[in-house]
Amino acid sequence: MLLHQLLLIPLMCVFIFVFTVVSAEASLRERYFASAQGKFAPQSEEVLQIASGLFFQLLTGDRPAVDSAEWKACGMRAYTLTNKQRELVVVEELEGNHTGRGFYVFSVDSKSRVGLMMPHRYFDKDSGKIGFEIFSRGDFRFAAWNTTHRYGGPGRSKAQRDHSGDLAHAPRSFFTALTRAYARALPKGLLIQLHGFTDKIKRRGDNGVDAIMSAGGPATPVVRNILNCFKAAFGRSILLYPDETPLLGAATNISGKILRHMNHQGFVHIELGAGLRKRLLEDAEAQDSMVRCLTNE
């Protein structure tokens with residue numbers, strides 16, 4: 001039930017950012033599934049700079065002042081809700097204004113340095129749902145999901161695919177705004193992206209591979225630590241890029257490139273195979289093991 005609503009329309013752009021409080025009746029899970037709609041449209045640099053500033057305030061524990069001129073109208077709203085005794089700030093698109101900006105949940109009182117991104121929740125099957133379960137069970141600073149399909153829609157041939165909405169590569173999106181904010185707010189943090197693969201590995205004959213870990217370039221100590229934790233937890237074949245495989249290394253991932261450009265060493269790219277994704281989706285103990293691997297820095 002809506003308790004109060006504060007609406008600001010500043011002067012600089014068309015960003016409507018509503019900050020409200022949502023009752024405990026509202027379900028975070030319902031909001032997550034309701035966020036999946038629309039067609040992607042790139043954002044202007046002005047809007048992304050403003051959004052990055054707002055994300056920065058949330059990441060540093062501030063509540064952007066309701067009378068601040070920085071609250072702009074780019075079709076988003078923010079509201080608080082309590083989920084499993086945590087106070088969360090949810091940022092989502094306004095109804096009827098869905099252009100792939102994404103769906104975001106910030107744990108405002110968390111001291112964690114770890115953030116989660118799921119840029120391909122439709123194309124990388126179940127990656128979004130796994131990210132939701134992991135975030136719900138662990139202490140993460142935030143979680144972010146795409147809200148439009150990576151290629152403009154499912155079932156498209158390679159010739160029909162529209163790559164503009166791929167948030168792992170789109171140069172102008174709210175994901176890039178969040179990445180820049182995260183690098184500034186948490187220079188020693190970890191930005192973890194969850195993905196999924198199927199036949200690409202099998203075509204190489206590596207049918208037993210369950211996951212690939214990468215920093216987007218030469219392996220970093222934190223990526224090696226997470227890989228070793230996964231091996232101990234799941235007893236499966238986990239490969240390290242580029243040491244053990246040349247595939248799925250995220251060398252062109254836009255968030256990884258931004259972080260490296262900002263001299264931030266916290267990018268972690270995790271590709272999950274179908275078998276491990278199925279286990280993580282169904283097995284609460286496996287989910288808890290993954291949380292420990294990602295948060296025990």
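Student: Which residues form the aromatic cluster?
Tutor: This is a predicted model. In the model, one aromatic cluster is formed by Phe55, Tyr104, Phe106, Phe142, Phe174, Phe175 and Tyr182.

Student: How many aromatic pairs does the count come to?
Tutor: The count comes to 13 aromatic pairs. One of them is Tyr32 with Phe33.

Student: What is the geometry of the Tyr32 and Phe33 pair?
Tutor: Edge-to-face. The rings of Tyr32 and Phe33 sit 4.9 Å apart, centre to centre, with 65° between the planes.

Student: And Tyr32, buried or exposed?
Tutor: Tyr32 has a relative accessible area of 3%, so it counts as buried. Phe33 is partly exposed, because its relative accessibility is 44%.

Student: Another pair, then. What about Phe132 and Trp145?
Tutor: That pair is tilted. The centres of Phe132 and Trp145 are 6.1 Å apart, and the planes make an angle of 40°. The pair links distant parts of the chain, 13 residues apart. Phe132 is in helix H3 (residues 127–137), while Trp145 is in strand S7 (residues 142–145).

Student: Are those two buried or exposed?
Tutor: Both Phe132 and Trp145 are buried.

Student: New topic: helices. How do H2 and H4 cross?
Tutor: Helix H2 covers residues 45–59, and helix H4 covers residues 174–185. Their axes come within 8 Å and cross at roughly 45°. H2 and H4 are therefore oblique to each other. Their crossing is right-handed.

Student: Which residues make the contact?
Tutor: From H2, it is Val47, Leu48, Ala51, Ser52, Phe55, Phe56 and Leu59. From H4, it is Phe174, Thr176, Ala177, Leu178, Arg180, Ala181, Tyr182, Arg184 and Ala185. By class, the contact of H2 with H4 has twelve nonpolar, two polar and two charged residues. Phe55, Phe174 and Tyr182 are also among the members of the aromatic cluster.

Student: And H4 against H7, what's the crossing there?
Tutor: The axes of H4 and H7 (residues 254–261) come within 10 Å and cross at roughly 30°. That angle makes H4 roughly parallel to H7. The crossing of H4 and H7 is right-handed.

Student: Which residues meet?
Tutor: In H4, Phe175, Thr176, Thr179, Arg180 and Ala183. In H7, they meet Ile254, Ser255, Ile258 and Leu259. The contact of H4 with H7 divides into five nonpolar, three polar and one charged residues.

Student: What is Ser289 in contact with?
Tutor: Leaving aside neighbours within four places in sequence, Ser289 is in contact with Ala233 and Phe234.

Student: Where does Phe234 lie?
Tutor: Phe234 lies in helix H6 (residues 221–234). With a relative accessible area of 6%, Phe234 is buried.

Student: What does Phe234 touch?
Tutor: Not counting residues up to four places away in sequence, Phe234 touches Leu276, Arg279, Leu280, Ala286, Ser289 and Met290. As for Met290, its C-alpha atom is separated by 9.0 Å from that of Phe234. Phe234 and Met290 are 56 residues apart along the chain.

Definitions and conventions
Residues numbered from 1 in each chain as written. Predicted model: local features only at pLDDT ≥ 70, side-chain atom pairs only at ≥ 80, totals over all residues. Heavy atoms only, no water. Axes fitted to C-alpha atoms, helices over the stretch in contact; angles between N-to-C directions. Helix = DSSP H or I, 4+ residues; strand = E, 2+ residues; numbered from the N terminus. Parallel < 35°, antiparallel > 145°, perpendicular 65-115°, else oblique. Left-handed = near helix turned anticlockwise from the far one by under 90°. Contact = heavy atoms within 4.5 Å. Nonpolar A, V, L, I, M, F, W, Y, C, P; charged D, E, K, R; others polar. Phe/Tyr/Trp six-rings, centres within 6.5 Å; stacked < 30°, edge-to-face > 60°. Buried < 20%, exposed > 50% of the residue type's maximum accessible area, 1.4 Å probe, protein only.
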